[in-house]
Amino acid sequence: MSFSGRMQNSHYYTVFFAPRGRNRIYDLGMQIAQMYLSPYDLLIGIIGEAGSGKSMLIKGMFPGLELTNDDNGVNVRPLPILDLLDQDEEEGFFTAHTYHIDIRFEAAFTQIHELADAILLAVQRGKRVIVEHFDMIYPFLKVNANLLIGMGEEIIITRPNVFGPQPQEIHEIVSKSVVYRRMAHTAEDLCEFFMSEEDCNRCRHGDVKHGFVLAFDKEMPTFDLDELEEKVKAAIEADLPISFIDDEHILIGSDLHPCTGPRTHVPSTGCVEGFRLIKRFFYDPINNRYLLAGRVGKVTHNESNAELNDISLE
């Protein structure tokens with residue numbers, strides 16, 4: 001079975017940094033839809049751990065789509081795609097064109113082979129189905145997605161063929177890398193937490209492998225980088241809990257802190273490994289801004305350059 005988009009046959013594999021803020025994920029979702037989604041793509045597979053931003057990416061790619069696992073706890077029941085199993089094709093003329101399903105969530109209520117049957121029937125009837133945790137349903141579907149997207153530290157966009165990549169391959173990559181994204185986001189927020197309100201309000205966020213970038217327009221910040229690093233390391237040593245409050249805030253210990261990606265964090269500051277700041281501001285003359293890079297994990301070769309390939313700054 002093949003539903004490959006005619007204009008996308010040459011696309012095989014693309015990688016983006018996975019942004020952490022909600023607005024940046026929405027924007028990247030729109031960009032991915034414009035660049036890689038074909039009208040002929042009926043089966044879209046999304047792979048990633050809880051809190052990696054899958055639902056936000058889907059909302060960016062498909063504005064207005066009703067998600068059946070809404071983050072606010074409003075779950076659509078009965079599951080719309082299952083209604084197709086009880087309908088003749090003629091009776092289903094006025095059914096939705098695009099369906100969403102979260103396999104990990106729905107597997108608690110419905111047999112997974114029944115979910116697979118509903119997905120295949122929907123696709124055979126020309127419907128589009130966006131499937132979260134596609135790796136879980138693939139052994140039952142026995143057909144790969146037209147467009148397969150994995151979310152870890154990076155977003156992997158691939159158009160599989162009979163030779164792969166297989167969903168489990170993408171899952172293994174993103175499940176191992178997402179921890180760096182969570183550690184980097186927590187370290188990034190800790191840096192903001194110890195900056196002045198003025199610097200915090202004017203900084204924008206970007207991405208770098210195993211780390212983060214803070215960008216400051218026009219004027220270079222005057223805070224001491226050694227002092228900032230020591231304060232963040234002390235907070236990491238204190239192992240303060242990181243708690244979700246709402247879509248705009250987290251708690252760091254008992255202190256409220258603004259955050260636009262509140263679910264993409266480690267459980268506590270002590271889970272951040274190998275935090276360090278690159279002890280200089282990088283000047284970007286084209287955009288007239290100063291960049292500060294922070295890293296997590298093991299020290300890499302030639303780190304003084306910080307691999308500053310930041311993208312999608314807020």
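I looked up F16 and Y36 in this predicted model, and both are buried (under 20% relative accessible area, with a 1.4 Å probe and protein chains only). I noted that they form an edge-to-face aromatic pair, 6.4 Å centre to centre with 75° between the planes. Here rings of Phe, Tyr and Trp (its six-membered ring) pair if their centres lie within 6.5 Å, and planes over 60 degrees apart count as edge-to-face. F16 lies in strand β1 (residues 13-17) and Y36 in helix α1 (residues 22-36), 20 residues apart. Helices (H or I, at least four residues) and strands (E, at least two) are DSSP runs, numbered from the N terminus.

Next I checked F223 and F281, an edge-to-face pair at 5.8 Å centre to centre and 65° between the planes. F223 is in the loop between β8 (211-217) and α8 (225-237), while F281 is in the loop between β12 (276-277) and β13 (282-284), 58 residues away. Both F223 and F281 are buried.

I then looked for charges over rings (CZ of Arg within 6 Å of the ring centre and within 35 degrees of the ring normal). R263 has its charged end over the ring of F244, 4.1 Å from the centre. R280 has its charged end over the ring of F282, at 4.0 Å.

For the whole protein I wrote down 8 helices and 14 strands, with 54% of the 314 residues buried.

Notes on sources: residues are numbered from 1 along each chain as its sequence is written, and side-chain values use heavy atoms, without hydrogens and water. Local features need pLDDT of at least 70, side-chain atom pairs count only at pLDDT 80 or more, and totals for chains, interfaces and linings use all residues.

Key: Buried < 20%, exposed > 50% of the residue type's maximum accessible area, 1.4 Å probe, protein only. Phe/Tyr/Trp six-rings, centres within 6.5 Å; stacked < 30°, edge-to-face > 60°.
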